[in-house]
Amino acid sequence: MNILFIHGNYPAQFQSLARLTGADARHRVVFLTARADAASDPIPGVELRTYQRARDPRPETHHYLHATEETVLNGQAVLRGVDALLQEGFRPDLVILHAGNGLGLFIKDLLPDAKLIGLFEWWFTPATSRWLFAEFPLDTQLKSQLRNLVIQQELLLCDAAVVPTAWQAAQFPAVWQPKLRVVFDGINTAFFQPPPPDLSRSLELDREEGGPPVRIEPEHRLLSYATRGMEPVRGFPQFMAALPKLLASDPQLQVVIAGRDRCAYSYPAPRPDGSWKQHCLEQLGTFPGRERIHFTGLLTYAQYRQLLWRTDAHCSFSRPYVLSWSLFEALACTTPLVVSDTPAIRTAVAKAQAIWVDLDDPASIQAGIKTRLNNTERHQEQQLNQDFSLDAAVKGWNQVINELSG
């Protein structure tokens, strides 16, 4: 079978599936991506091709339709990439793509007989979209809900639609529910697993700005936070606001924040560079223990796992939105968790698996973190639900593919 993966990133959510199909000699597998450096991370048996938008949306386009124009441009770029593959003699039988950004808008025009599976992550609603903006007046609400135009069109064109979690699937209108299949991306539980019994309490992590590494000694208590982006939708400002009192009350407490100083989903901070890290530090000012806050940037997987194993309390906060893989990775490592009480997290984490806090209540956050720091025992029930494992993901994708093939 000729299989084509399409994703703006690479390998992203398709890493395991691409690796599995690429290893099967019965398939020819091509991955079409916008990531220019994809060749630096090859997958055996998977050929790489790239696409690039011809231009960005025009400034004069109605601001409700900027995102729509961008998705159309994405679709055109992908179409050119698919046409180039056809000229090479590669005609896909199965196309698996990341939907919602226009990548699948025109696939069926060139490949009418190919089976098309879209991975859909989100449907925009006023109740959830408001967390992505500093303010959410009616004008912004109308603009955000038009993001669904392209999502709906791609749902119409796909032969099957995959959504990572049941809560994300529940955001979609009832008319689309029969077409949705819930298949999580899959956590590698052979790597993210409970810590070894002889784990050292000493930890050394590379520092974001270089210089001497961060050293956590056996006697230290460690509070951690990990995120792709330091931003409001992940509760970063609320986490930072809790630190001065926590550090002042515990001289042995060290704080490690892993992730990039950027906004992956929500709005920038009110400063020229948009940095929430700098904004929060400026808001907090000078306080006792500030030198015990350590920013590591993005860690290697090996160091990140060491952090999840060693930490005494790990905060995973989110507004109602797509959940971060880091939450599931922490569950797989039986990491002592403090989580925000939101519907998305409730579908992934059992009540007994974490300390639950209210992101809009500073006292709740303070108390929750203190409770977890004082009770770090790891329990068997903290482990990842197997529905979120890599094996379950592969099984789920195979079921979807076999349904189409049969």
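**Exercise 1. Classify phenylalanine 31 and describe its ring partner.**

Is phenylalanine 31 buried or exposed, and with which tyrosine does it form an aromatic pair?

Solution. Phenylalanine 31 has a relative accessible area of 0% and is therefore buried, where buried means under 20% relative accessible area, exposed over 50% and partly exposed in between, computed with a 1.4 Å probe on protein chains only. The model is a predicted one, in which local features need pLDDT of at least 70 and side-chain atom pairs count only at pLDDT 80 or more, while totals for chains, interfaces and linings use all residues. Residues are numbered from 1 along each chain as its sequence is written, and side-chain values use heavy atoms, with hydrogens and water left out.

The next step is the ring geometry. The structure holds 20 aromatic pairs, a pair being two rings of Phe, Tyr or Trp (its six-membered ring) whose centres lie within 6.5 Å, with planes under 30 degrees apart counted as stacked, over 60 as edge-to-face and the rest as tilted. One of these pairs joins phenylalanine 31 to tyrosine 10, with 4.8 Å centre to centre and 85° between the planes, and it is edge-to-face. The two residues are 21 residues apart and the pair links distant parts of the chain, since tyrosine 10 sits in the loop between β1 (2-7) and α1 (15-22) and phenylalanine 31 in strand β2; helices (H or I, at least four residues) and strands (E, at least two) are DSSP runs, numbered from the N terminus. Tyrosine 10, with a relative accessible area of 2%, is also buried. Both rings belong to one aromatic cluster formed by Phe5, Tyr10, Phe14, Phe31 and Trp397.

**Exercise 2. Assign the geometry of the pair formed by phenylalanine 191 and phenylalanine 192.**

Solution. The ring centres of phenylalanine 191 and phenylalanine 192 are 5.0 Å apart and their planes are at 85°, so this pair is edge-to-face. For the accessibility step, phenylalanine 191 has a relative accessible area of 23% and is partly exposed, whereas phenylalanine 192, at 5%, counts as buried.

**Exercise 3. Describe the packing of α8 against α9.**

At what angle do helix α8 and helix α9 pack, and how far apart are their axes?

Solution. Helix α8 (residues 236-249) and helix α9 (residues 276-284) pack at about 30°, with axes 10 Å apart; axes are lines fitted to C-alpha atoms, for helices over the stretch in contact, and angles run from 0 to 180 degrees between N-to-C directions. The contact is made by Phe236, Pro237, Met240, Ala241 and Pro244 of α8 together with Trp276, Lys277, Cys280, Leu281 and Leu284 of α9. By type, the residues of this contact divide into nine nonpolar, no polar and one charged, where Ala, Val, Leu, Ile, Met, Phe, Trp, Tyr, Cys and Pro count as nonpolar, Asp, Glu, Lys and Arg as charged, and the others, Gly among them, as polar.

**Exercise 4. Decide how far helix α10 is enclosed.**

Solution. Seven of the 10 residues of helix α10 (residues 301-310) are buried, so the helix is largely enclosed by the rest of the structure. Those buried residues are Gln303, Tyr304, Arg305, Leu307, Leu308, Trp309 and Arg310. What covers them includes β8 (203-205), β9 (214-216), β10 (221-229), β11 (253-260), β13 (313-316) and α11.

**Exercise 5. Count the disulfides and explain the case of cysteine 315.**

Solution. With a disulfide taken as a pair of cysteine sulfur atoms within 2.5 Å, the count comes to zero disulfides. The sulfur of cysteine 315 is too far for a bond because the closest cysteine sulfur, in cysteine 280, is 14 Å away. Cysteine 315 counts as buried at 1% relative accessibility.

Key. Contact means heavy atoms within 4.5 Å.
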